[in-house]
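Please look at the picture before you go on.

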Amino acid sequence: MTTTLFLGLIVNSATIVVFLLARKLYRLKPSVLLLPLIVTTVLTVIVLLFMDYSYEHYVDLTNVLSGLLGPAVVALAYPLYRQLPLIKVYLRPLSISLLIGAVAGVVSGWGLGVLFGLNDEFLAPLLTKSVTAPVAMDIAAILEANQTLAAILVTVAGLTGAVLASSLFKWTKIDHVIGRGLGYGIGSHAIGTARALDNSELEGAISSVAMTVCAVIVSLVAPLFAMIVF
């Protein structure tokens, strides 16, 4: 017991230190490829492989950090509160875009899975890829799907969106702060919201709104969609 606690303290501390160093590196060299979450994830995987340490054991030891995901998401309500008057101005287009975006996230995940011939074990977690990890894992539990796989797919979707979003916005000529914030929040949830906050507080607030509302919509749509397709 004492050994496990000591090992957990070391692993959690090492993860935090690596993240802080990655954040410092990103501030010195701001690049999408050097986003703190990407650098921390890559270094963690390399260390786990080098030490022949199982992912499941690492997750067990870092449950404390995982438990902070919920409060971190709630903290995003602060920029949302500060931008509430402007959000009220765009309430109608925001509502329509969020509904379409959330449903598209569920359907596109399933469609891509079917296109690549994945079985139901992978298709069910894919329905949750567009919402933040704590919500995705709860939805996966309702669907009786693999929660760990759901969390991994959420992370992949978030990182991919955070890296590719800027280029995609340029290619599609989306330059309005509302559109960019919606894109980050709907497609890349918390990871995209962190990226949007780097651009501006308003963009981050819109992304926070998108992430939160999408979580609610997907929580309702994903189980209904699963009943139809599985």
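Q: At what angle do helix H10 and helix H11 pack?
A: Helix H10 covers residues 133-142 and helix H11 covers residues 147-171, where helices are DSSP runs of H or I with at least four residues, numbered from the N terminus. An axis is a line fitted to C-alpha atoms, for helices over the stretch in contact, and angles run from 0 to 180 degrees between N-to-C directions. With their axes 8 Å apart, H10 and H11 pack at an angle of about 145°.

Q: What pLDDT do side-chain atom pairs need in order to count?
A: Residues are numbered from 1 along each chain as its sequence is written, and side-chain values use heavy atoms, with hydrogens and water left out. This is a predicted model, in which totals for chains, interfaces and linings use all residues, whereas local features need pLDDT of at least 70 and side-chain atom pairs count only at pLDDT 80 or more.

Q: Is the crossing of H10 and H11 left-handed or right-handed?
A: A crossing is left-handed if the near helix is turned anticlockwise from the far one by less than a right angle, and right-handed if it is turned clockwise. By that rule, the crossing of H10 and H11 is right-handed.

Q: How many charged residues are in the contact of H10 with H11?
A: Ala133, Ala136, Met137, Ala140 and Ala141 in H10 meet Gln147, Ala150, Ala151 and Val154 in H11, contact meaning heavy atoms within 4.5 Å. In sorting them, Ala, Val, Leu, Ile, Met, Phe, Trp, Tyr, Cys and Pro count as nonpolar, Asp, Glu, Lys and Arg as charged, and the others, Gly among them, as polar. By class, the contact of H10 with H11 has 8 nonpolar residues and 1 polar residue, while the number of charged residues is none.

Q: Are H8 and H13 oblique or roughly parallel to each other?
A: The axes of helix H8 (residues 91-115) and H13 come within 8 Å and cross at roughly 45°. Angles under 35 degrees count as roughly parallel, over 145 as roughly antiparallel, 65 to 115 as roughly perpendicular and the rest as oblique. The crossing of H8 and H13 is right-handed, and the two helices H8 and H13 are therefore oblique.

Q: Which orientation do H12 and H13 have to each other?
A: The axes of helix H12 (residues 177-199) and helix H13 (residues 201-229) come within 6 Å and cross at roughly 85°. By class, the contact of H12 with H13 has 13 nonpolar, 9 polar and 3 charged residues. H12 and H13 are therefore roughly perpendicular.

Q: Is Arg180 buried or exposed?
A: Arg180 is found in helix H12, and, leaving aside its neighbours within four places in sequence, Arg180 is in contact with Phe169, Ile174, Asp175, Asn199 and Glu203. Buried means under 20% relative accessible area, exposed over 50%, and partly exposed in between (1.4 Å probe, protein chains only). At 17% relative accessibility, Arg180 counts as buried.

Q: What is the phi of His189 near?
A: His189 is found in helix H12, and at 2% relative accessibility His189 counts as buried. His189 is a residue other than glycine with a positive phi, near 40°.

Q: What is the phi of Lys173 near?
A: Lys173 is found in the loop between H11 and H12, and Lys173 is exposed, with a relative accessible area of 69%. Lys173 is a residue other than glycine, and its phi is positive, near 60°.

Q: How far apart are the end C-alpha atoms of helix H2?
A: Helix H2 (residues 36-50) has buried residues that include Pro36, Ile38 and Leu48. The expected span of a helix is 1.5 Å times one less than its number of residues. For the 15 residues of H2 that gives 21 Å, which agrees with the distance between its end C-alpha atoms, 21 Å.
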